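Biologist: Hi, could you walk me through this one? I'd like to start with the fold and then look at the interfaces.

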4 protein chains.
Amino acid sequence: MNFRVDYNRMTVYYTNMRYKDNSKKEAIYQATILLLNKDGFSATPMSKIAKHAGVSPSTIYVYFENKDDMLKKLYLDTKQKMGAKMFADTDGMDIKASLAKVIRNYIDYIRENKEAFLFLQQFTNSPYMSELDDQEANNYFTPMYQLVKRGRQEGVFKNVDDDVLFAYIEPPITEAAKRYFRGEFEFTDVRIKSLIELAWSAIKK
Amino acid sequence: MNFRVDYNRMTVYYTNMRYKDNSKKEAIYQATILLLNKDGFSATPMSKIAKHAGVSPSTIYVYFENKDDMLKKLYLDTKQKMGAKMFADTDGMDIKASLAKVIRNYIDYIRENKEAFLFLQQFTNSPYMSELDDQEANNYFTPMYQLVKRGRQEGVFKNVDDDVLFAYIEPPITEAAKRYFRGEFEFTDVRIKSLIELAWSAIKK
Amino acid sequence: MNFRVDYNRMTVYYTNMRYKDNSKKEAIYQATILLLNKDGFSATPMSKIAKHAGVSPSTIYVYFENKDDMLKKLYLDTKQKMGAKMFADTDGMDIKASLAKVIRNYIDYIRENKEAFLFLQQFTNSPYMSELDDQEANNYFTPMYQLVKRGRQEGVFKNVDDDVLFAYIEPPITEAAKRYFRGEFEFTDVRIKSLIELAWSAIKK
Amino acid sequence: MNFRVDYNRMTVYYTNMRYKDNSKKEAIYQATILLLNKDGFSATPMSKIAKHAGVSPSTIYVYFENKDDMLKKLYLDTKQKMGAKMFADTDGMDIKASLAKVIRNYIDYIRENKEAFLFLQQFTNSPYMSELDDQEANNYFTPMYQLVKRGRQEGVFKNVDDDVLFAYIEPPITEAAKRYFRGEFEFTDVRIKSLIELAWSAIKK
DNA sequence: CATGAATGAGAATTCATTCAT
DNA sequence: GATGAATGAATTCTCATTCAT
C-alpha cells in the first residue's frame with residue numbers, strides 16, 4: 001500500500017522512507033522567480049530567496065549544488081511546464097486552427113503565469129542561457145517543429161526557411177506580452193484575433 | 001570653434017582636452033558591455049570593468065554616480081545610437097520601401113554591433129528596465145510611430161492596433177538576430193528578403 | 001569465552017555482535033586519518049569522513065561525543081598501537097641490543113603504517129596536543145623510560161639528562177621517516193644500521 | 001630626496017607614491033602566527049586574524065590572494081628569517097665550532113621566537129607543506145649542506161649519508177625545544193653543552 | 001544502533017564605494 | 001581629473017551537529 005501523510009510540515013513517504021520534501025523545492029523555485037523578477041540577478045541573494053521560501057539558506061544546498069545549478073534547473077523546469085501548456089489540445093485540427101490554438105494556449109499561459117513568463121524572458125536573454133545545454137530546453141518545443149513540418153508538406157506556407165516562419169509566430173506574441181505586463185497593452189478578444197490573423201498572413205502562402 | 005559643454009555633473013572641455021575625457025568614458029562603456037554579455041549582471045564587478053577599461057575603479061565614479069547610474073546611461077546611450085542607425089536614410093520613400101529600409105538598417109546595425117545588441121536585449125529583459133524612465137528610451141523610436149501613422153493614413157495597413165502592427169515588425173528580426181548570434185541562423189540575402197516579405201504580408205491590408 | 005566490556009560510554013557486546021560495532025568505528029578512524037593527511041584539519045569535514053567511512057554523518061555521533069572527542073580518541077588509540085609495536089620483543093636483551101631493536105621496531109612500524117605515522121606527527125605538532133592529558137599518551141612509552149633508567153644504572157650512558165638522551169634516540173628516526181615519505185630518503189639496511197650506530201655514539205659514555 | 005612620513009597611521013613613500021603599508025602585512029603575519037598556535041588551522045578564521053591585526057578582513061585580500069596564499073607566504077617568510085639567524089656569524093670557524101655555533105644560534109632563535117618556531121613546526125607537519133615548492137624553503141638552509149660537505153672533505157664525519165648526519169644535528173634540538181615550550185625542559189648552559197656534545201659524538205668519526 | 005534531512009552559526013571571499021593624495 | 005589602498009556590508013557556501021524516524 002502506498003500512502004502519504006502530512007506530518008509536522010513534512011511530506012513523508014512511507015513506502016520508501018525518504019523524507020526529502022518536494023514542497024520545499026517548489027517554495028524555493030517560487031521565491032526565486034518572484035525575487036528575480038523584482039530585483040534581478042544581481043540583487044537576489046540566496047539568503048533572500050531562503051527567507052521568502054521559508055527555509056534556511058543551507059537547505060537550498062540540500063536540493064541544489066549551488067546558485068547556478070538552481071537557476072538552470074529552475075529554468076528548465078519552468079520552460080518544460082510552459083511547453084506542456086502551449087501544445088495542449090492541438091491534436092486533430094487543421095494547420096490553421098492548430099496554430100491559432102497554440103497562440104491562444106501561449107497567451108493563456110502568459111496571463112496565468114506572469115512571473116514564470118517574465119523569468120523565462122530574463123533568463124533567456126542573459127548569459128546563463130549560453131551555459132545551458134540548449135537542446136534540453138528545445139525538446140519541449142518539438143511539437144512546434146512538427147506543426148511547421150506538416151504545414152510545409154501540405155503546401156500552405158510561404159516558401160521560406162523554417163526559422164523565418166518561426167520568427168513570425170512566437171516572437172510577436174512574446175513582445176505583446178511584455179507590453180501587457182508593462183501595462184501598455186491589453187489582451188482583448190479582438191486583439192488576440194488580430195495577432196492570430198497577422199501571424200497567419202505572414203506565414204501563409 | 002570647437003567646444004563642448006556637458007551639464008551632466010561634468011566640467012567644460014575645449015577642443016584638445018575633451019578627447020581624453022570621452023575616450024575613458026567610452027572605454028568604460030565598451031568594457032561594461034563586453035563583460036555584461038560574457039558574465040552577466042551578477043558577475044560583472046566594477047573592479048573588473050575598470051581593469052578591462054584600463055582605468056582605476058575610482059575613475060568610474062568620476063564619470064558616473066554609481067553602478068546603476070552607469071548602466072542606465074549606458075543603456076540609453078546605446079539605444080539612442082541604435083535608433084539613429086535604424087531610421088537613417090528613410091526619407092522620401094513610400095511606406096513599403098521605408099519599412100524595408102528600416103528592417104535592413106536594423107539588420108545592418110545588429111551585424112555590426114553584436115555586443116551592443118546583445119547588451120540591449122539583456123538589459124531590456126531585466127528589471128533594470130522598469131526602473132527607467134521608459135519615455136526617454138522610446139523617444140529614439142518616434143520615427144517608427146510616425147511611419148505607422150503615415151501608413152494608417154494611407155490605408156495600407158490592416159485595421160488593427162498599432163501595438164499589434166509593431167509586434168510583427170521588429171520582434172521577428174530581433175528573434176532571428178538572437179539565433180544568428182547563437183550560430184543557428186544566417187542573414188543571407190534570400191532570408192533578409194523573406195523576413196521583409198513576411199513582415200509586409202503580416203501588416204498590409 | 002570471548003567477550004568485551006567497554007565502559008567508555010559504550011554498551012557491552014558479546015562475541016558475534018561486537019564486530020559490526022568495531023568495524024564502523026575502525027572505518028571512521030581510517031577515513032579520518034587518510035583525509036587528515038591529505039587535506040589537513042581545516043579541510044576535513046565530518047561529512048567527508050562519513051562518506052569515506054561508508055556511514056552516515058550522524059553515525060559518527062553514535063560513537064563519539066563530537067569531532068574533538070573523536071580526534072583525541074583516535075590519537076590516543078593510534079599512539080597506543082605504535083607504542084605496543086615499538087617495544088615488542090625487547091625483553092632479555094642488553095641495553096645496546098634493546099635500543100637497536102626499539103629503533104628497528106619503530107622503523108618497521110613507520111614503514112607499515114605510513115598514514116598513522118603522518119597523522120601522529122600532524123596531531124603532535126598541532127594545538128590539539130596541548131588540550132590532551134599528555135600523561136595518557138606518554139604512558140605508552142614507559143618502556144623507553146625504563147630502558148634509559150636501566151642503562152643509566154649500568155653506567156653505559158653519558159652523564160646527561162634523560163631528556164637529552166631521548167632527544168638523540170627517537171627524533172632522528174622520525175625526521176628520517178618524514179624525508180622517507182617525501183621521497184627524499186630510503187630505509188636501506190645500511191642506512192638503518194647507520195642510524196642505530198649514530199644514536200648509540202650519541203648517548204653512550 | 002627620499003624621505004618618509006607617518007601620516008594618519010599610514011607610511012607614505014613620497015618618492016614612488018605607493019602607500020601600501022607594510023606594517024599591515026606584518027601585523028597580519030603576527031596575528032596569524034599567534035592564533036594558529038593557540039587555536040590551530042581549523043579554528044583560525046580570517047575574521048579573527050583581521051581583528052587581532054587591527055585591519056578589516058577585506059584588507060588581508062589586498063595583500064594576499066587567499067588564506068592559503070597567505071599561510072604559505074608566511075611560512076616562507078618565517079623560515080627564511082630563521083635560516084638567516086641560524087647561520088649568522090659562523091664564518092672562519094672550524095667544523096666543530098661552526099656546528100656548535102649553528103646549534104647555539106638555533107637555540108637562541110627558538111627562545112627568542114617561540115611563536116614563530118611553533119608555527120613552523122605545525123606547518124611543517126601539516127599537508128600544507130606538500131603543496132609548497134619545497135626547494136624554496138630549503139634554499140635557506142644551504143649553509144648547512146655546505147657545512148656538512150666541508151666536514152666530509154676534511155674527513156671528520158662518520159662515513160654515512162648526509163641525510164643520516166642531518167638527522168642527528170637539528171631534530172634533537174627541535175625536540176628539546178618542543179619539550180621546552182611544554183614546560184618539560186630547560187635550556188640551561190649545561191644542557192646546551194650536552195646537546196652539542198651528543199650531536200658531535202653522533203656524527204664525528 | 002543507524003540514518004538522511006535540516007539548519008544556525010560561521011567561514012572565506014567579494015564588491016561597490018570612499019578616502020587621502 | 002585620476003588613482004590605489006582600504007573597508008563595511010554583504011554574498012555564497014560550508015559544516016558540526018541535531019532531529020525525527
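Modeller: Happy to! From the N terminus on, chain A runs β-β-α-α-α-α-α-α-α-α-α-α-α. This is a predicted model, where local features need pLDDT of at least 70, side-chain atom pairs count only at pLDDT 80 or more, and totals for chains, interfaces and linings use all residues. Residues are numbered from 1 along each chain as its sequence is written, with chains lettered from A and ligands numbered from 1 in the order in which they are written.

Biologist: How many helices and strands does chain A have?

Modeller: Chain A has 11 helices and two strands; these are DSSP runs numbered from the N terminus, helices being H or I with at least four residues and strands E with at least two.

Biologist: And what share of chain A counts as buried?

Modeller: 31% of its 205 residues. Buried means that 20 or more other C-beta atoms, placed from the backbone, lie within 10 Å of the residue's own.

Biologist: Switching topic: how many residues of chain B are in contact with chain A?

Modeller: 33 of chain B, with 33 of chain A. Contact means C-beta atoms, placed from the backbone, within 7 Å.

Biologist: Which helix of chain B gives the most to that side?

Modeller: Helix 11 of chain B, with seven residues.

Note on methods: Contact = placed C-beta atoms within 7 Å. Buried ≥ 20, exposed ≤ 12 C-beta atoms within 10 Å, placed from the backbone.
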